[in-house]
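Q: Please give me a close look at one part of this structure. I would like to go through the salt bridges, step by step.

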Amino acid sequence: MSAAVKFDQVVKHYGDFEALKGISFEVEEGSFFGLLGPNGAGKSTLINAMSGLLTPTSGSIQVQGFDVIDDYRETRRRLGLVPQELISDPFFSIRELLELQSGYYGIRGKEQKQWIDELLERLALTDKTHAITNQLSGGMKRRVLIAMALVHKPRVLVLDEPTAGVDVDLRHTLWEFTKELHQKGHTIILTTHYLEEAEALCEKVAIMQGGEVKALDRTADLLATHPFRYIRVSFEEKNAVLSEALASRLVETDASGHLFKMENELSMSDMLGMIHQSGLHVKDVRSRDATLEEVFMDLTGAQA
Ligand code: ADP
């Protein structure tokens, strides 16, 4: 499959500081891709470099085969970026902003007007068409940003933390819309701190830390090949005293019991043996694979 975006040995220095340490990977055409990592990992730097907003110190980035520096205009047309913040504009209405943005790409005419109408409707902004951005709530501003990124129907849509600080309803609307775009063949690249969302939506994820890619795989494979799984046990004993072997694997204790992190090579009977040695009696036990959040924490040692 051809690449929607190809990063080749991308390095970015800020003074002496190396924010990207030679990033190379490809995002497949038509895929739903998650770019994850703790704060400071280099995600924004990479996204900004991909969008032509900053120039890498060395290396190259191609969008659908076009170089983001040499073929800037071609790549801008193919890529839509939804940034985190909307810079409020006190003069223009939402519709005017969308028309100006269309003009920037040289797209005018009846069809474009219809597309703007459709975007406004899909993003539940129809009744705000004539509002200026200063009058909008945070969630509405977010929807305007998405409309602006989509005004030129880019093949590759990059969403930087699209659901940060938005309410559950809007999150739902955004995901439905994004999934629909993906189904229509758009490539979606997403950064998010909500790893449950990334797990549900992204076919593939890259986990970055310290300017490097720590892991890159199909989400299902990353979860399946992770060297740990999780076991929740409730004991008959009210105040269970754990052996050292058990205590070293304990993640948390709550009303529903104890959560243990187990190496995959240990079997359930090894685990039951440890419990037996502690003189404890099992009331209930459930085993599951690690979640993306847990894989992320194991790989980076950080909260998402
Ligand atoms: P992320 O988006 O993953 O949180 P960033 O790409 O924003 O990470 O930042 C990566 C690293 O580069 C951080 O250590 C950050 O402090 C540093 N950095 C980002 N922008 C600049 C800048 N303009 N000047 C100096 N350092 C920067």
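A: **Salt bridges, pair by pair**

Start with Arg78 and Glu74. Their side chains form a salt bridge, with N and O 2.3 Å apart. The term means that a side-chain nitrogen of Lys or Arg lies within 4 Å of a carboxyl oxygen of Asp or Glu. The model is predicted: local features need pLDDT of at least 70, side-chain atom pairs count only at pLDDT 80 or more, and totals for chains, interfaces and linings use all residues. Residues are numbered from 1 along each chain as its sequence is written, and side-chain values use heavy atoms, leaving out hydrogens and water.

Both partners sit in helix H2 (residues 72-78). They are four residues apart, about one turn of the helix. Helices (H or I, at least four residues) and strands (E, at least two) are DSSP runs, numbered from the N terminus. Arg78 counts as partly exposed because its relative accessibility is 22%. Glu74 is partly exposed too, at 29%. The scale is this: buried is under 20% relative accessible area, exposed is over 50%, and partly exposed is in between (1.4 Å probe, protein chains only).

Now move to Lys113. It forms a salt bridge with Glu99, and their closest N and O atoms are 3.7 Å apart. This pair links distant parts of the chain: Lys113 is in helix H4 (residues 110-122), Glu99 is in helix H3, and 14 residues separate them. Lys113 has a relative accessible area of 46%, so it is partly exposed. Glu99, at 32%, is partly exposed as well. The pair also belongs to a network of salt bridges that links Arg95, Glu99, Lys113 and Asp117.

Next, take Arg288 and Glu294. Their side chains meet in a salt bridge at 2.9 Å, N to O. Arg288 is partly exposed because its relative accessibility is 34%. Glu294 reaches 14%, so it counts as buried.

The structure holds 15 salt bridges. Asp67 has none, yet it is buried. The nearest side chain of opposite charge, Lys6, is 10 Å away. Here Lys and Arg count as positive and Asp and Glu as negative, while His and the chain ends are not counted. Asp67 lies in strand E5 (residues 66-67). Leaving aside neighbours within four places in sequence, Asp67 is in contact (heavy atoms within 4.5 Å) with Ser60, Ile61, Gln62, Tyr72 and Thr75.
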